Amino acid sequence: MSIDFETERCIPIGEAPKNIPGRPSLASVYRWMTNGVRGARLETIVVGGQRFTSIEAIQRFIERTTRN
């Protein structure tokens with residue numbers, strides 16, 4: 001699945017830790033989008049040279065990484 005910027009609430013990647021339980025470091029968020037966790041990557045988009053994710057993408061990432 002990918003981010004639909006017309007319907008999802010996009011945020012700059014630098015603000016992602018504020019929207020994730022436990023407030024992980026920004027370095028962790030970058031690892032999640034590049035390397036992933038258990039085969040799941042945090043979805044991002046680039047607009048005008050700036051990287052964004054969405055609240056919904058964060059939710060999907062958490063759901064995929066916490067499955068049994």
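Helices (H or I, at least four residues) and strands (E, at least two) are taken as DSSP runs and are numbered from the N terminus. The structure described here is a predicted model, in which local features need pLDDT of at least 70 and side-chain atom pairs count only at pLDDT 80 or more, whereas totals for chains, interfaces and linings use all residues. Residues are numbered from 1 along each chain as its sequence is written, and side-chain values use heavy atoms, with hydrogens and water left out.

The strands form an open sheet of three, in the order E1-E3-E2, with antiparallel pairing; two strands are said to pair if DSSP finds at least two bridges between them. E1 and E2 are the edge strands, each pairing on one side only. On average, neighbouring strands of the sheet are turned by 45° against each other, direction ignored. Axes are lines fitted to C-alpha atoms, for helices over the stretch in contact, and angles run from 0 to 180 degrees between N-to-C directions. E1 and E3 are joined in the antiparallel sense by three bridges, and Pro 12 has Phe 52 in E3 as its bridge partner. E2 and E3 also run antiparallel, with three bridges between them. Across this pairing, Val 46 has Arg 51 of E3 as its bridge partner, and Val 47 stands opposite Gln 50 in E3. The hairpin of E2 and E3 has two residues between the strands, and Gly 48 in this hairpin takes a positive phi near 60°.

Helix H2 (55-65) lies across E1 and E3 and runs at about 65° to E3. Its buried residues (under 20% relative accessible area; exposed is over 50% and partly exposed in between, with a 1.4 Å probe and protein chains only) are Ala 57, Ile 58, Arg 60, Phe 61 and Thr 65. Seen down the axis of H2, these residues fall within an arc of 160°, so they line one face of the helix; the arc is that of the directions from the helix axis to the C-beta atoms. The cover over the buried residues of H2 includes strand E1 (10-12), H1 and E3, where contact means heavy atoms within 4.5 Å. In helix H1 (26-34), the buried residues are Ser 28, Val 29, Trp 32 and Met 33. They cover an arc of only 135° around the axis, which puts them on the same side of H1. E3 and H2 are among the elements that cover the buried residues of H1.

A nonpolar core is defined as a set of buried Ala, Val, Leu, Ile, Met, Phe, Trp, Tyr and Cys residues joined through side-chain atoms within 4.5 Å. The largest such core has eleven residues, namely Ile 11, Ile 13, Ala 16, Ile 20, Val 29, Trp 32, Met 33, Ala 40, Leu 42, Ile 58 and Phe 61. H1 and H2 are the elements that give two or more residues to this core, and the largest share, three residues, comes from H1. When residues up to four places away in sequence are not counted, Ala 16 touches Ile 11, Val 29, Thr 53 and Ile 58. In soluble globular proteins, nonpolar side chains tend to be buried together.

Leaving aside neighbours within four places in sequence, Ser 54 is in contact with Ile 3, Glu 8, Arg 9, Cys 10, Ile 11 and Arg 60.

Most residues other than glycine have a negative phi. Arg 23, in the loop between E1 and H1, has a phi near 45°, a positive value in a residue other than glycine. With 58% relative accessibility, Arg 23 counts as exposed. Arg 38, in the loop between H1 and E2, likewise has a positive phi, near 50°, and is exposed, with a relative accessible area of 71%. Gly 36 is placed in the loop between H1 and strand E2 (45-47) and, just after H1, takes a positive phi of about 80°. Not counting residues up to four places away in sequence, Gly 36 touches Arg 31 and Arg 41. The C-alpha atoms of Gly 36 and Phe 61 are separated by 9.3 Å, with the two residues 25 apart along the chain.
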